[in-house]
Amino acid sequence: MRSPLAPLLFEDEEWLDPWESGSVVVQVLSATPATLQASTKRTLEKFPVQSFGTLGTNLLTIAKNRVQPKLAGVSVSFDLTMPNPLQQKAFDLLGVLLTF
């Protein structure tokens, strides 16, 4: 689940394997996506960069509320809170469609 969300997180989308080059010395890239995000605290789309836990907590604020009026003859309805742009981007990256 982390890899699709990598553009929103403090994580590199690609990891370097030190054994692929045959050397025990790992080459450090100075401008990886994660280091750029860490320095600006923003994604390429200007969203605030999140940790995985913080993004999960942010997504937990979406709720489906059952509204049951006490008036006679009025039916029960369900309201889903609207996702903010960051939440919508996370759902888009995960391929999740919210049903309203």
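The structure is a predicted model. Its largest nonpolar core has 11 residues, and the count of salt bridges comes to one. Helix α4 (85-94) is one of the elements that give two or more residues to the core, and Gln87 and Lys89 are also found in α4.

**Nonpolar core**
- The largest core consists of Leu5, Leu8, Leu9, Phe47, Leu55, Leu59, Ile62, Leu86, Ala90, Phe91 and Leu98.
- Two or more of these residues come from each of α3 (52-59) and α4 (85-94).
- Helix α4 supplies the largest share, three residues.
- Leu5, with its neighbours within four places in sequence left aside, is in contact with Phe52, Leu55, Ala90, Leu93 and Leu94.

**Gln87**
- Gln87 lies in helix α4 and has a relative accessible area of 3%, so Gln87 counts as buried.
- The Gln87 side chain reaches the backbone oxygen of Asn58 at 2.6 Å.
- Not counting residues up to four places away in sequence, Gln87 touches Asn58, Leu59, Thr61, Ile62 and Met82.

**Salt bridge**
- Glu45 and Lys89 meet through their side chains in a salt bridge, with an N to O distance of 3.2 Å.
- This pair links distant parts of the chain, 44 residues apart: Glu45 is in the loop between α2 (33-40) and α3, and Lys89 is in helix α4.
- Glu45 is partly exposed because its relative accessibility is 46%, between the 20% and 50% limits.
- Lys89 also counts as partly exposed, because its relative accessible area is 21%.

Conventions:
Residues numbered from 1 in each chain as written. Predicted model: local features only at pLDDT ≥ 70, side-chain atom pairs only at ≥ 80, totals over all residues. Heavy atoms only, no water. Core = buried A, V, L, I, M, F, W, Y, C linked by side-chain atoms within 4.5 Å. Buried < 20%, exposed > 50% of the residue type's maximum accessible area, 1.4 Å probe, protein only. Helix = DSSP H or I, 4+ residues; strand = E, 2+ residues; numbered from the N terminus. Contact = heavy atoms within 4.5 Å. Polar contact = N/O pair within 3.5 Å; in protein donor to acceptor, adjacent residues only side chain to side chain. Salt bridge = Lys/Arg side-chain N within 4 Å of Asp/Glu carboxyl O.
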